[in-house]
Amino acid sequence: MLYKFFCGGYNRDMIKLADGWKDFEVLATGDGYKLERWGSYTLLRPDPQVIWRAKRDLFSRDYDAVYHRSERGGGAWEFKRPLPESWNISYGDLTFKIKPMGFKHTGLFPEQAVNWEKTSALVKNAGRKIKVLNLFAYTGGASVALAKAGAEVTHVDAAKGMVERAGENARLSGIASGIRYIVDDCKKFVARELRRGNKYDAIVMDPPSYGRGPGGEMWKLEDELYGFVELCNGVLADDPLFVLINSYTTGLQPAVLANILTLALGGRKGKVEAYEVGLPTSEGVPLPCGAGGIFTND
Ligand SMILES: C[S@@+](CC[C@H](N)C(=O)[O-])C[C@H]1O[C@@H](n2cnc3c(N)ncnc32)[C@H](O)[C@@H]1O
């Protein structure tokens, strides 16, 4: 669903909302926090985008655990009730393991369902086997969705633990084959694929603002993204199905992703679309969760 934004009589399609969840919902937002239901459990987490006032103090609401930011960086979970170490939630026929972890993570970005829906439909309608390269692939939300749609996925992430979680999510979702798991620095891996002459029909990437490869390789989005998309262009098949870039980096506008896709893909014939990504909330306002941009061959 597109959330229509009206401002001074000016109307624009502002944000694509992941509104197909049953096991997940944003219950309330405000004062730097969001209150979310993940299956049977409610978590209160900080969110830098939430700079508006809460309708009702979120800390006075019922929740199972809260993540407190530390002034020295990082933070810690405080559990109000004993929680299982992990539990599962589903989105259609996909199942994911949820576990409160460091950096306020749970192991899933539910707003990504917007991108899963779009890219899965492209794979299903392609009428041929699609080889997808999923970069900065984390716990495999996109890998699992695309494998379920019939793609052959190469999943690359620097963190071994996250790649193992992707394998668990695939098993939970009933996917026995179709995903190749690689623990590597994304830039090094793509450069190696280029030398080997390996090609992909589609690429998905969700690069962080800052990151490190397994050998300590530095990644800073503003410095690296354009050159990295140019590098990825070299491993794209002659008639690629899509290239999707998602970013949670605060302040990165959709038009920046659209420009990068337009310019770095070397004038390939196709269409570029970019949009804000968000989640519906029970309060009626959307929760912004970054931006997406997609090149498609139509
Ligand atoms: C924002 S998360 C991606 C979220 C994921 N696409 C999703 O929606 O579930 C960023 C991921 O990039 C990985 N990462 C950071 N720097 C990297 C690098 N240089 N090479 C490979 N992976 C890296 C991290 O381990 C992390 O899993």
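**Domains, core and ligand shell of the predicted model**

Asp 223 lies in helix 5, which spans residues 221–233. Asp 184 is 39 residues away from Asp 223 in sequence, and the two C-alpha atoms are 20 Å apart in space.

Strand 13 pairs with strand 10 (residues 131–135) in the parallel sense, over four bridges; here Val 132 stands opposite Ala 202. Strand 13 also pairs with strand 16 (residues 242–247), again in the parallel sense and over four bridges. In that pairing, Met 205 has Ile 245 of strand 16 as its bridge partner.

Leaving aside residues up to four places away in sequence, Ala 202 touches Ile 130, Val 132, Pro 240, Leu 241, Phe 242 and Val 243. Ala 202 is also listed, with Val 132, Leu 146 and Ile 203, among the residues with the most contacts inside the largest nonpolar core, a set of 82 residues. At least three residues of this core come from each of domain 1 (18–91) and domain 2 (110–296). In soluble globular proteins, nonpolar side chains tend to be buried together.

The two domains themselves, 18–91 and 110–296, come from the domain assignment of the protein. Their centres, taken over C-alpha atoms, are separated by 26 Å. Across the boundary, 16 residues of domain 1 are in contact with 13 residues of domain 2. On the domain 1 side, strand 3 (24–30) and strand 8 (87–91) each supply at least two of the touching residues, and strand 3 gives the most, with six. By class, this side of domain 1 divides into eight nonpolar, four polar and four charged residues.

Turning to the ligand, 22 residues surround it, and the closest are Phe 136, Tyr 138, Ala 158, Asp 206 and Gly 211. Helix 2 (141–148) and strand 14 (210–212) are the elements that give two or more residues to this shell. The shell around the ligand has twelve nonpolar residues, together with five polar and five charged ones.

Methods:
Residues numbered from 1 in each chain as written. Predicted model: local features only at pLDDT ≥ 70, side-chain atom pairs only at ≥ 80, totals over all residues. Pairing = 2+ DSSP bridges. Near = placed C-beta within 6 Å. Nonpolar A, V, L, I, M, F, W, Y, C, P; charged D, E, K, R; others polar. Core = buried A, V, L, I, M, F, W, Y, C linked by C-beta atoms within 7 Å. Buried ≥ 20, exposed ≤ 12 C-beta atoms within 10 Å, placed from the backbone. Domains from an automatic or database assignment. Contact = placed C-beta atoms within 7 Å.
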